[in-house]
Amino acid sequence: MISRLHITFLILFLSLSGFYGCTSLENPKSKESDSSEQQVEETQCLADEAYLLSLNTVWDEIRKDFDFSVGVDNARVRRHLAIYDRRQKYFNTINERAEKYLYHVAVEVRKRGMPSEIALLPIVESGLDPFAYSHGRAAGMWQFIPSTAKIFHLEDNWWYEGRRDVVASTDAALNYLERLRDRFDGDWMLALAAYNSGSGTVYRAIKENRKLGKPTDYWSLDLPDETSDYVPKLIALSQLIAEPEKYSIELKTIPYAPYFDEVDAEGQIDLSQAANLAEVSTEEIYLLNPAFNRWATDPEKNRPLMVPYLQKYVFLQNLESLPKEDRLAW
């Protein structure tokens, strides 16, 4: 069941997006403002609650476009399904992170016409954790290593780490996956294997099988253990998401609507001050902006700041009245 808070969220989201029975009213105060000032809109919406309750969740939308046909008759997939089975504590953590980040990933995957299993890949890679860091120096939700991050223009400096940027790293990861898919003639299994272990490793395994007269599909290749488990783990996860009740897993009801949006902070700003302006907790701003290495945005580049979707106009309105000298509190 969708909570009353989620219903309110959806009403506002649909209203602002012009999706459903809403009219936009100009804020009377804006008539007194200079044309350069932020126009804040108030929205009035006569939305039908039953309609809102019928809307799909993020999980529903991801299930729609599953494309990988390997089933539970595959021994490697069965093994990982057994590992996931009844691990509610693990999925509680995934549920909390998914509420913030998964809608964005799912929408970007759909825009590109990719199989929606790809939207679950950050769960396999990092548990959907933008702060994840591996012993192999991979970082972020998509676990980019430094050399690959550089190829895909994910910047890294004292103030900012692009591999932890939810928006930038998602764009880079999907670009990389599309490149790998094309390199392996549209074979997503081989593309995913290459994402995990590198194209060279997969090409060498294909070459070896050809030499021995063996099939060269993913399931027939002699790959490193981690790569051999990589695709089965993703497919097992997708099958669990398709039928969570079968595996005694509860998935949180997450509306298929944006959780965050970007704003222009118009220069460097303290993250705690940004939280004050958005009228949310500092932790909330921190979790939506994991790419910033310090407790402030990058002073040398005016990067977008992420704030909760419903607080965007609150932030912009409060920013207008903030004196320049109060942007940094440290």
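## Terms and basis

Helices here are DSSP runs of H or I with at least four residues, numbered from the N terminus. On a 1 Å grid over the protein atoms alone, a cavity is a set of points where a 1.4 Å probe fits but cannot get out, while a pocket is an open set with protein on both sides within 12 Å along at least five of seven lines. Lining residues have an atom within 4 Å of a point.

The model is predicted: local features need pLDDT of at least 70, side-chain atom pairs count only at pLDDT 80 or more, and totals for chains, interfaces and linings use all residues. Residues are numbered from 1 along each chain as its sequence is written, and side-chain values use heavy atoms, with hydrogens and water left out.

## The largest pocket

The largest pocket has a volume of about 580 Å³, a volume being the space filled by probe spheres set on the grid points, which are joined across faces, edges and corners. It is lined by 23 residues, and Glu 125, Ala 138, Gln 143, Asn 196 and Glu 226 are the closest to its centre. Helices α6 (121-126), α9 (188-197) and α11 (225-242) each give at least two residues to this lining.

## Two cavities

There are 2 cavities of 30 Å³ or more in the structure. The largest cavity has a volume of about 90 Å³, and its lining includes Tyr 160, Asp 165, Phe 260, Asn 289 and Met 306.

The second largest cavity holds about 60 Å³ of space. Two or more residues of its lining come from each of α3 (58-64) and α5 (88-111). The largest share, 3 residues, is supplied by α5. Among the residues lining the second largest cavity are Glu 61, Asp 65, Arg 110 and Tyr 256.

## Helix α10

Helix α10 (residues 199-211) has 13 residues and should span 18 Å at 1.5 Å a residue, which agrees with its end C-alpha atoms being 18 Å apart; the expected span is 1.5 Å times one less than the number of residues.

Ser 199, Val 202, Ala 205, Ile 206 and Asn 209 of α10 are buried (under 20% relative accessible area with a 1.4 Å probe, protein chains only; exposed is over 50%, and partly exposed lies in between). These residues lie on the same side of α10 because they cover an arc of only 135° around the axis, taken from the directions from the helix axis to the C-beta atoms. They pack against α8 (166-183) and α9, where contact means heavy atoms within 4.5 Å. The face turned away from the buried side carries Arg 204, Lys 207 and Lys 211, which are exposed.
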